[in-house]
Amino acid sequence: MSTSLAVDPVDSTGSAPDAEKVDVYDTTLRDGAQQEGMNLSVADKVAIAPLLDALGVTYIEGGWPGAIPKDTEFFARAHKEMEFANAELAAFGSTRKPMGTAHLDPQVRALVESEAPVVTLVAKSDIRHVERALRTDAQENLDMITDTVRYLIDAGRRVIVDTEHFFDGYRFDPDYALAAVAAAFEAGAGVVALCDTNGGMLPDEVFEIVTAVRARTDGKLGIHAHNDSGCAVANSLAAIEAGARHVQGTVNGYGERTGNADLLTVVANLQLKRGQQLLPETGLAELTSVAHQISEITNIAPFARQPYIGASAFAHKAGLHASAIRVDPDLYQHIDPRQVGNDMRMLVSDMAGRASIELKGRELGFDLAGKSDVLGRITNRVKDAEAEGYTYDAADASFELLLREELNGQRPTYFTVESWRAIVEHTSRAGEVNAEATVKLHAGPQRLVSTGEGNGPVNALDHALRLALTGVYPVIEQFELIDYKVRLLDTSHGTDAITRVLIEMTDGQRSWSTVGVGPNILEASWEALVDGYVFGLVKHDVDPR
């Protein structure tokens, strides 16, 4: 079987592919949406697509029209409602069925009817999949590639071919894997993406195989890597180094199993480390913002330690680091975080020295330079508190309240608590568990007593505190508890262990985190709740009553 590959293929415009620029192909809306627990609605896709376009990606793969009804609806809406400044919309589909005809295949026709200017076809390139999954022969599979690509080009579409399981297929039968690539290029595909579908390759293997394919063709090669070996980003970079000029991936590394290559990390590495301009000038600075906005839409919490854009990507904790960072931040950072829209953070902990506290204060808007007495007191308080079980790494709001107390001589006082209690009642007849909480407090001249119910004692306390305070401070209506974490400290004491609670609240525009520590979960939760409401009032410049 011949494995000769086409030389200097042309796309549908008649121009030769750019040998230098790397295409950025985002498949968040299709491959990323296959992640366990993710279910993107049409409205979600309509919201995400403009964010990807603003980032400056080359292609946005919107889904599989004809196979998935909501993807068909998305393309219909996109055609009528959406205009992209940077990206082109790509529809994903498969080659025609065995022993069929491309123009009669309903799913192939649906790709044309989607009105997407670009179509990405998945094609088999591993002979084992051809024979066992498609249940056809080697030549028929090549004919399926050829017929479908030519039909779509005749219909005015530009075609990208994803050669599924290419690397595994190449290792088993390189001649057939190369024949699939040749068939795609000879039929007129503008790009052939080599897929590590099982995600098991290592970077040196990817580099070797892409180099071998590159030596056989001048066609534009791409890389589509999955992360099952933890190497999706590295494999993508290795493929680019070997000559691929088209990279596929997803925002935040979404995808089935362990995910796809994190496209944001790939882009940042290529642009900042290799000097390749993949995104428009403003695109790189939007990486963090876009990633977090998409996290909100997908309802999947951002990964704090995600490279470049994670909340902890430029977070520094050790006192020795802080002393050096005060002199030159670049001493402990591989890039300026502002290049990707992120920022440096100082973590305050028992490892913190005065330099850490000073830098953290500056980050929060307080100038502590030269205030050695204050710095000393705060440093000692932090170390003593952490010895008791507190942590300020993830509780900036509680730390800022501590800092304000040391600077002003007292905490901001919006209310004083007289008492609180929580009751949990189990009704055996109904099999229900009810929680009720009562708080008594003073706000200004008023004594307030409020009772709240909830699905647990902490939820009931939150409701009771909110009910008591909203009449005095109406802005509290905007506050919402969005995250709650509990950790037992010194677990050798079992149920008698010290408890630490971290709470995150939001006002719809920003979020803040507080910490509480106590001999039981309710006392720790109450402390964190009170800090959360106090901090929210401080940030809204509310005057105490």
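Student: How many helices and strands are there in the chain?
Tutor: This is a predicted model. The C-alpha trace spans about 85 × 65 × 45 Å along its principal axes. The chain has 17 helices and 16 strands.

Student: What percentage of the residues of the chain count as buried?
Tutor: Buried means under 20% relative accessible area. The chain has 545 residues. The share that counts as buried is 53%.

Student: Which element gives the most to the lining of the largest pocket?
Tutor: The largest pocket has a volume of about 1900 Å³. Its lining takes at least two residues from each of several elements, including helices H11, H13, H15 and H17 and strands S14 and S16. The top contributor, with five residues, is S15.

Student: How do the residues of that lining divide into nonpolar, polar and charged?
Tutor: The lining of the largest pocket has 44 residues. Ala311, Glu504, Ser511, Trp512 and Ser513 lie nearest the pocket centre. By class the lining holds 18 nonpolar, 13 polar and 13 charged residues.

Student: Which strand gives the most to the lining of the second largest pocket?
Tutor: The second largest pocket holds about 430 Å³ of space. It is lined by 24 residues, with Trp64, Phe92, Ser94, Val122 and Glu164 closest to its centre. Strands S3, S4 and S5 each give two or more residues to this lining. The one that gives the most, with three residues, is S4.

Student: What kind of pair do Trp64 and Phe92 form?
Tutor: A pair of aromatic rings is described by the distance of the centres and the angle of the planes. Here the centres are 5.2 Å apart and the planes stand at 80 degrees. Planes over 60 degrees apart count as edge-to-face. So the pair of Trp64 and Phe92 is edge-to-face.

Student: How many residues apart in sequence are the parts that this pair ties together?
Tutor: Trp64 lies in the loop between S2 and H2. Phe92 lies in strand S3. So the pair ties together parts whose separation in sequence is 28 residues.

Student: Is Phe92 buried or exposed, and which charged end sits over its ring?
Tutor: Phe92 has a relative accessible area of 4%, so it is buried. A charged end sits over its ring, 3.7 Å from the ring centre. That charged end belongs to Arg30.

Student: Why is the pair of Tyr414 and Tyr473 edge-to-face?
Tutor: The ring centres are 5.6 Å apart. Edge-to-face requires planes over 60 degrees apart. The pair is edge-to-face because its planes are at 85 degrees.

Student: Where do these two tyrosines lie, Tyr414 and Tyr473?
Tutor: Tyr414 is buried, and so is Tyr473. The pair ties together parts that are 59 residues apart in sequence. Tyr414 lies in the loop between H15 and S11, and Tyr473 in the loop between H16 and S14.

Student: How many disulfides does the structure hold?
Tutor: A disulfide needs two cysteine sulfur atoms within 2.5 Å. The sulfur of Cys195 has its closest cysteine sulfur in Cys231, 17 Å away, too far for a bond. Cys195 is buried at 3% relative accessible area, and Cys231 counts as buried at 14%. The number of disulfides is zero.

Student: How far apart in space are Ile294 and Ala47, C-alpha to C-alpha?
Tutor: Ile294 lies in helix H11. It is buried, with a relative accessible area of 0%. Ile294 and Ala47 are 247 residues apart in sequence. Their C-alpha distance in space is 8.6 Å.

Student: What is the phi of Asn252?
Tutor: Most residues other than glycine have a negative phi. Asn252 is found in the loop between S8 and H10. Its phi is positive although it is not a glycine, at about 65 degrees.

Note on methods: Residues numbered from 1 in each chain as written. Predicted model: local features only at pLDDT ≥ 70, side-chain atom pairs only at ≥ 80, totals over all residues. Heavy atoms only, no water. 1 Å grid on protein atoms, 1.4 Å probe; cavity = no way out; pocket = protein on both sides within 12 Å on 5 of 7 lines; lining within 4 Å. Points joined across faces, edges and corners; volume = space filled by probe spheres on them. Helix = DSSP H or I, 4+ residues; strand = E, 2+ residues; numbered from the N terminus. Nonpolar A, V, L, I, M, F, W, Y, C, P; charged D, E, K, R; others polar. Phe/Tyr/Trp six-rings, centres within 6.5 Å; stacked < 30°, edge-to-face > 60°. Buried < 20%, exposed > 50% of the residue type's maximum accessible area, 1.4 Å probe, protein only. Lys NZ or Arg CZ within 6 Å of the ring centre and 35° of its normal.
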